[in-house]
Amino acid sequence: MIRGTGSSLPARVLTNADLERMVDTSNEWIISRTGIRERRIAQDDEYMSQFATRAAEAALQAAGLPASEVDLIICATVTPDMPIPATACIVQSNLGAAGAAAFDLAAGCSGFIYALAVADRFVATGEYGTVLVIGAELLSKYTDWRDRTTCVLFGDGAGAVVLTPGAAPYGVLASAMHADGSMADFIYVPAGGTREPASERSVTERRHFIRMRGNETFKMAVRSMEETSRAVLEKAGLAPADVDLFIPHQANRRIIDAVGSRLGLREDQVYVNIERVGNTSAASIPVALDEAVRKGLVRKGDNLLFAAFGTGLTWGAAVCKWGGGAPSEGWPWSFRARGPRAWGWADPSTTRSRARARSSTAPTGPWAFRSAGPVSKVRRRP
């Protein structure tokens, strides 16, 4: 079960008006093409592990667990602090989770789906009792601010969830992961790896920034997210009509609307925050999920559908039955920040509205994902 969730966003807000002063674009063009009005951008002296750590701390606080209980940390990211070591190891040290295994997972915008599926299976085996799953990206560091086709898209942030063994019928009911490397050049950074190490030439030619084939990516994203969503729903014995809330990767508002429409979902069944945060890649689903739960948009027994698409090309989906309790049960919750550390405890007395109103601010309690592994086999470190 997922015992808690948290997120962290940079304090700095970059609006479309700001971008109008930087490149040849307009607020109207950006909104019509992407649905984005503003995004959060890290400062020059901020780096990814800071936000990943803060989101993880918030998730552990919400779960009521100390870092010493964490057995495994999976950090989904393509923007690590440095090539070596894994940023998950840095987060482990920051948290004081001594002895926890830690590794990074690179699947682009699909990273959280991949990490959630991997973590669920680790818990299901009984090998690990508490797994921390983080989706964190600072895509602004890889953004060419002279390229008006890509610089309007990306934002920074981190989201995290804590998984522990739980009871049926709640939890991850089905998940799927896919990839097609023949389309690797749809979204890529040409230089900086072993194929083309950093050099004066690569820097001069601006080959360390994201390049994207937008039209082809759009078409593939809509088709693949719809197909994999239907597949995981069928695997779970559900239909699109059974979905209470769809939380897709926040890549582009037109993609979100197209996938929702193809699945036959109403507007109030789809959670969207891209207008305020932009495309945060692997962080987008856990950040949006944190918001949705905190706003009281999810109640026990709801079926949640996640779907994502990203560089690789990769795509995937997961369907979960929510098992979290009501705020009255007194569980802690983290408020997502305007500043990097502005989280706190939920007010247990706050009533929850079932309405899907985007303006709701009522927090709710933790949520649970089922793990198939027996609790008796959970390993605890000495």
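A helix crossing is left-handed if the near helix is turned anticlockwise from the far one by less than a right angle, and right-handed if clockwise. The views below come from a predicted model.

**View 1. Helices H7 and H8 cross in the right-handed sense.** Their axes lie 9 Å apart, and the packing angle is about 40°. On the H7 side, the contacting residues are Phe218, Ala221, Val222, Arg223, Met225, Glu226 and Arg230. On the H8 side they are Arg254, Ile255, Ala258, Val259 and Arg262.

**View 2. The largest nonpolar core holds 42 residues.** Phe246, Leu305 and Leu313 touch the most other members. Strand S8 (171–179), helix H7 (214–235), helix H8 (253–262), strand S12 (303–310) and strand S13 (314–321) each contribute at least two residues. H7 gives the most, with 6 residues. A second, separate core has 36 residues, including Val123, Tyr271, Ile285 and Phe306. In soluble globular proteins, nonpolar side chains tend to be buried together.

**View 3. Phenylalanine 246 sits in strand S11 (residues 245–248).** Phe246 and Pro248 point one way from the strand, and Leu245 and Ile247 the other way. All four are buried. Beyond residues up to four places away in sequence, Phe246 touches Ser229, Val259, Leu263, Leu265, Gln269, Val270, Tyr271, Leu305, Phe306 and Ala307. S11 pairs with S12 in the parallel sense, over 4 bridges. Isoleucine 247 stands opposite phenylalanine 306 of S12.

**View 4. Five strands make an open, mixed sheet.** The strand order is S1-S7-S6-S4-S5. Strand S1 (2–8) and strand S5 (101–105) are the edges, each pairing on one side only. Neighbouring strands are turned by 15° against each other on average, direction ignored. Strand S4 (residues 72–76) runs parallel to S5, and 5 bridges join the two. Within this pair, isoleucine 73 has alanine 102 of S5 as its bridge partner.

**View 5. The buried residues of H4 pack against H3, S4, S5 and S6.** These buried residues are Thr87, Ala88, Ile90, Val91, Gln92 and Leu95. An α-helix has 3.6 residues a turn, so residues three or four places apart point the same way. Just after H4 comes glycine 96, with a positive phi of about 80°.

**View 6. Threonine 280 lies in the loop between helix H9 (274–277) and helix H10 (284–294).** Its relative accessible area is 3%. The cut-off for burial is under 20%, so Thr280 counts as buried. Leaving aside neighbours within four places in sequence, Thr280 contacts Glu137, Leu139, Gly155, Asp156 and Gly157.

**View 7. Residues 325–382 have a pLDDT below 50.** Beyond near neighbours in sequence, this stretch has 198 contacts in the model. Where pLDDT is low, the predicted coordinates should not be read in detail. The protein averages a pLDDT of 85, and 85% of the residues score at least 70.

Terms used
Residues are numbered from 1 along each chain as its sequence is written. Side-chain values use heavy atoms; hydrogens and water are left out. A nonpolar core is a set of buried Ala, Val, Leu, Ile, Met, Phe, Trp, Tyr and Cys residues joined through side-chain atoms within 4.5 Å. Buried means under 20% relative accessible area, exposed over 50%, partly exposed in between (1.4 Å probe, protein chains only). Contact means heavy atoms within 4.5 Å. Two strands pair if DSSP finds at least two bridges between them. Axes are lines fitted to C-alpha atoms, for helices over the stretch in contact, and angles run from 0 to 180 degrees between N-to-C directions. pLDDT is the predictor's confidence in each residue, from 0 to 100.
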